[in-house]
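I opened the model to go through its charge pairs. Notes follow.

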Amino acid sequence: MCGIVGIVGKSDVNLALYDALTMLQHRGQDAAGIMTCDRGKFAQQKALGLVKDVFRTRHMQRLVGNTGIGHVRYPTAGSSGPALAQPFYVNSPYGIALAHNGNLTNSAQLSEDLFKADLRHVNTDSDSEVLLNVFAHELQLQGKLKPEAEDIFNAVSGVHKRVRGGYAAVAMIASYGLVAFRDVNGIRPLVFGAREVEGGKEYMIASESVALDTLGFELIRDVAPGEAIFISSDGEFHSRQCADNAKLTPCIFEHVYFARPDSIMDGVSVYKARLRQGEKLAEKIMQEFPEHDIDVVVPIPDSSRVAGQAVAQTMGLKFREGLVKNRYIGRTFIMPGQQMRKKSVRQKLNAIRLEFEGKNVLLVDDSIVRGTTCKQIIQMAREAGAKKVYFASAAPPVAFPNVYGIDMPTSKELIANGLSNEQVCEAIGADHLIYQDLDDLVAASAEGNPEIDSFDCSVFTGCYVTGDIDENYFNWLEGQRSDKAKSKRQASSGEQQAMVGITNEG
């Protein structure tokens with residue numbers, strides 16, 4: 001999962017891009033980058049690290065131009081390293097830079113086609129670079145010295161015909177403007193808005209509406225699945241549907257965990273969706289456990305707080321912030337490696353003993369993936385004096401990998417894969433475990449926008465909307481995503497960088 005942003009303004013957009021990436025930092029903590037365009041010349045700064053660490057005053061001073069794109073990276077199937085920070089750039093045709101959120105499920109075949117048929121070289125194992133080169137090739141096929149909006153839309157149509165998976169992208173064409181497009185199923189989110197300034201109207205495109213809100217842009221709508229938007233450097237707005245088979249099937253895990261609660265995605269308030277998740281979860285708890293002895297509800301911060309409040313209110317129980325979060329530790333879900341995740345949980349959370357001692361506590365979390373985090377938190381609750389520790393998940397059992405841009409583990413590393421709910425309960429050390437029902441989770445999101453066709457729930461069901469996922473793909477994915485594979489790749493990458501003197505200095 002990554003965060004992307006693009007702005008066409010009436011003056012330099014560097015500071016606005018920086019602020020937007022700060023608001024999207026929760027979507028990626030591995031690397032950050034900004035590229036701007038001024039009179040046909042690109043300027044760039046990207047590196048490993050958080051937004052606040054990647055950009056300094058000297059960088060902002062050279063990132064001039066009224067058009068720009070930015071990216072915060074969270075590595076998925078690819079490896080991690082300075083060379084994989086985005087945006088990516090190709091000089092032909094015209095000069096194009098691109099930032100991408102998602103994962104292409106046919107990237108291996110596309111890479112081969114790019115080399116053998118399109119005569120293009122892909123320098124990394126990033127599917128984002130693959131997507132950039134496919135778009136560049138399709139645009140070059142238009143054969144225009146000066147492309148027009150129609151040429152750009154035709155190129156995006158070509159992308160949709162070749163590319164499968166989940167993707168939302170912003171691209172910048174030197175001297176011409178900003179392009180944005182979204183996969184034909186609308187799996188990955190993308191919104192756009194505008195604001196009036198002296199000299200006219202400015203446009204902004206981003207992964208989440210919260211980035212628009214903080215910069216004073218009014219949310220217009222989501223980019224539709226299969227749609228492309230082109231905003232010229234002088235602010236002319238164009239849009240067109242570029243796919244014949246578009247169908248809105250957004251990723252429901254955005255509502256469960258990834259998105260900020262103050263964002264609106266595909267017309268659904270993430271905050272309201274999480275409230276409804278909590279209400280429905282409370283109803284299930286009261287149905288399954290009518291004679292419960294729960295004294296207090298404690299959420300696991302931050303993404304489960306809203307659902308936890310709704311659980312407590314619906315059940316008429318006390319709600320307490322019994323776990324205090326260290327704001328300087330990243331999201332443990334996306335920590336690279338089991339040992340780092342285990343260490344980070346203890347650094348990230350600390351229990352308030354007064355809220356646990358002598359009480360029967362219901363812990364509410366957004367989901368259970370590996371089981372690493374919740375097991376340690378349950379142990380923390382017991383060490384703080386809890387008599388009983390019950391655990392409730394606002395999502396159903398996560399039993400299958402995500403292939404559309406969320407770096408969930410392989411099936412073997414998912415605790416719910418192959419285990420019953422009772423066995424998971426025993427494995428994490430809870431006295432009782434309650435999972436949300438899938439129908440209730442879908443209803444909690446669908447209520448926000450009845451026009452949504454369906455949701456991508458593949459991590460719960462194993463049904464993949466693109467229809468191209470088989471056992472061979474899972475075997476390949478395991479070779480990319482398992483903790484063992486990542487550790488081996490990181491060690492190899494470190495050795496190679498040391499040999500050639502690569503550093504991460506800005």
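I searched the whole structure for salt bridges (a side-chain nitrogen of Lys or Arg within 4 Å of a carboxyl oxygen of Asp or Glu) and got 29. The model is predicted: local features need pLDDT of at least 70, side-chain atom pairs count only at pLDDT 80 or more, and totals for chains, interfaces and linings use all residues. Numbering starts from 1 along each chain as its sequence is written, and side-chain values use heavy atoms, without hydrogens and water.

I looked up Lys-116 and found it bridged to Glu-112, with 2.8 Å between the closest N and O atoms. Both sit in helix α4, four residues apart, so about one helical turn separates them. (Helices are DSSP runs of H or I, at least four residues; strands are runs of E, at least two; both are numbered from the N terminus.) Lys-116 is exposed at 59% relative accessible area, while Glu-112 is partly exposed at 36%. For these words, buried is under 20%, exposed is over 50%, and partly exposed is in between (1.4 Å probe, protein chains only).

Next I checked Asp-262, which pairs with Arg-260 at 2.6 Å, N to O. Asp-262 is partly exposed at 38%, and Arg-260 is partly exposed at 26%.

I then took Asp-293 and Lys-388, whose closest N and O atoms are 3.2 Å apart. Asp-293 is in the loop between α9 (270–288) and β16 (296–299) and Lys-388 is in strand β21 (residues 388–393), so this pair ties together parts 95 residues apart in sequence. I also noted one network, in which salt bridges with shared partners join Arg-27, Arg-188, Glu-208 and Glu-254.
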